[in-house]
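Here are some notes for your review. Please read them beside the coordinates.

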Amino acid sequence: TGKSYLARKFLYTKSGRKGPFVVLDLASVPSDLVPAHLFGARRGAYTGAVADRKGVFEMASGGVLFIDEVQNIPIEAQKQLLLVLQEGRVQPLGSAEEVEVDVKVVAATSSSLEKEVVEGRFRSDLYMRLCPTTRVEVPPLRSRKRDLKFLAERFVERTTDDPAIAE
């Protein structure tokens, strides 16, 4: 549907925020690693954590964090996410210290969060915190055929601007 493009183009650029635009696509992250990707981790926090790693909240501080497929956050990590949204502080896995973050969060999903709440897979308080009253529904690309030419042109521009791909 072009969710991240739309978030960057229309929400981030008009937000007035000076920090980075960071994308986390939870469709590509194994569920047991979601907390580390979101909140960061200190060396030794889990098997394979050989160095300190910043989470996307720290990376996006001062800017916008776009979380795609937010429904994939494990229920255990949803409480942590809620606390970060409420308090503006994140605690990396394996750390006793909290880190202040200033992040505007934009969340996207391809499924019904209302249904996920009813079925007990998504916390209702987190759903309300993500502010469904400001929801923007983007129809699937198959019903927006007029956008195909524009998107194809942008894709070609991006790939030809990348020296690694252009060669």
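Predicted model: local features only at pLDDT ≥ 70, side-chain atom pairs only at ≥ 80, totals over all residues.

The points below cover a sheet and a pocket.

1. Sheet layout. Three strands form an open sheet in the order S1-S2-S5. The pairing is parallel. Strand S1 (21-25) and strand S5 (104-108) take the edges. Each has a single partner strand, so one side of each is left without a neighbour in the sheet.

2. Twist. From one strand to the next, the twist averages 15°.

3. The S2 and S5 pair. Strand S2 covers residues 64-68. Its pairing with S5 is parallel and runs over five bridges. In general, strands of a sheet pair through backbone hydrogen bonds, either parallel or antiparallel.

4. Who builds the lining. Helix H1 (3-15) and helix H7 (147-161) are the elements that give two or more residues to the lining of the second largest pocket. H7 gives the most, with five residues.

5. How do the residues of the lining divide into nonpolar, polar and charged? Four are nonpolar, two are polar and five are charged.

Key. Residues numbered from 1 in each chain as written. Heavy atoms only, no water. Helix = DSSP H or I, 4+ residues; strand = E, 2+ residues; numbered from the N terminus. Nonpolar A, V, L, I, M, F, W, Y, C, P; charged D, E, K, R; others polar. Pairing = 2+ DSSP bridges. Axes fitted to C-alpha atoms, helices over the stretch in contact; angles between N-to-C directions.
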